[in-house]
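Please keep the sequence and the structure open while reading.

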Amino acid sequence: MTDLIKMARDMGHAIQKEEFYLSLQSAKDAADADDELQQLIADFNHKRVAINNEACKTDRDEETLRTLNDEMRSAYARIMSNEHMTAYNDRKQDFDHVLQRIIAIITQSAQGEDPDTTDYSDDCTHDCSTCGGCH
């Protein structure tokens, strides 16, 4: 068992050396360093808190809630159109896809599938009763 744990740790080190990981970290750093983006995120979070506070009031003002919701949606749209956020989301999607494949191969191998041929399928529902296989 300890050999498997060591192999998992070695895989973790290998992942952190791969381009898809390094690219994600670079995009994250750029997003974190983007003052405008960070201000947009802070504004979005303030709007979310304000909505929650207003919604919890017994005498809440529906017009205020609508206005705050509109402002929050607008803030979200500005965040998602920011070049650094877009780049981060793209790199995160690439990274997540590789991790899904790794996890699928390990999980399916542990379930008796052939490690050389098993792989992740975008069609996977994660409900094994509907499965025709992930090959």
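Which residues in helix 3 meet which residues in helix 4? In this predicted model, the helix 3 side of the contact is formed by Leu 37, Leu 40, Ile 41, Phe 44, Lys 47, Arg 48, Ala 50, Ile 51, Glu 54 and Ala 55, and these meet Thr 64, Leu 65, Leu 68, Asn 69, Glu 71, Met 72, Ala 75, Tyr 76, Arg 78 and Ile 79 in helix 4. The residues of this contact divide into 13 nonpolar, 2 polar and 5 charged.

**Helix 3 with helix 4**

- The axes of helix 3 and helix 4 cross at roughly 160 degrees and come within 9 Å.
- An angle over 145 degrees counts as roughly antiparallel, and helix 3 and helix 4 are therefore roughly antiparallel to each other.
- The crossing in which helix 3 passes helix 4 is left-handed.

**Aromatic pair between helix 3 and helix 4**

- Phe 44 and Tyr 76 form a tilted aromatic pair, with 6.0 Å from centre to centre and 45 degrees between the planes.
- This pair links distant parts of the chain, since Phe 44 lies in helix 3 (residues 35-56) and Tyr 76 in helix 4 (residues 62-81), 32 residues apart.
- Phe 44 counts as buried at 17% relative accessibility, whereas Tyr 76, with a relative accessible area of 45%, is partly exposed.

**Helix 2 with helix 5**

- Helix 2 (residues 19-33) packs with helix 5 (residues 83-110) at an angle of about 155 degrees, and their axes are 8 Å apart.
- Helix 2 and helix 5 are therefore roughly antiparallel to each other, and helix 2 passes helix 5 in a left-handed crossing.
- On the helix 2 side, Phe 20, Tyr 21, Ser 23, Leu 24, Ala 27, Lys 28, Ala 30 and Ala 31 meet His 84, Ala 87, Tyr 88, Arg 91, Lys 92, Phe 95 and Val 98 in helix 5.
- The residues of the contact of helix 2 with helix 5 comprise 10 nonpolar, 2 polar and 3 charged.

- Phe 20 in helix 2 and Phe 95 in helix 5 are 75 residues apart, and their pair links distant parts of the chain.
- Phe 95 is buried, with a relative accessible area of 11%.
- One aromatic cluster is formed by Phe 20, Tyr 21 and Phe 95.

Conventions. Residues are numbered from 1 along each chain as its sequence is written. This is a predicted model: local features need pLDDT of at least 70, side-chain atom pairs count only at pLDDT 80 or more; totals for chains, interfaces and linings use all residues. Side-chain values use heavy atoms; hydrogens and water are left out. Axes are lines fitted to C-alpha atoms, for helices over the stretch in contact, and angles run from 0 to 180 degrees between N-to-C directions. Helices (H or I, at least four residues) and strands (E, at least two) are DSSP runs, numbered from the N terminus. Angles under 35 degrees count as roughly parallel, over 145 as roughly antiparallel, 65 to 115 as roughly perpendicular and the rest as oblique. A crossing is left-handed if the near helix is turned anticlockwise from the far one by less than a right angle, and right-handed if clockwise. Contact means heavy atoms within 4.5 Å. Ala, Val, Leu, Ile, Met, Phe, Trp, Tyr, Cys and Pro count as nonpolar, Asp, Glu, Lys and Arg as charged, and the others, Gly among them, as polar. Buried means under 20% relative accessible area, exposed over 50%, partly exposed in between (1.4 Å probe, protein chains only). Rings of Phe, Tyr and Trp (its six-membered ring) pair if their centres lie within 6.5 Å; planes under 30 degrees apart count as stacked, over 60 as edge-to-face and the rest as tilted.
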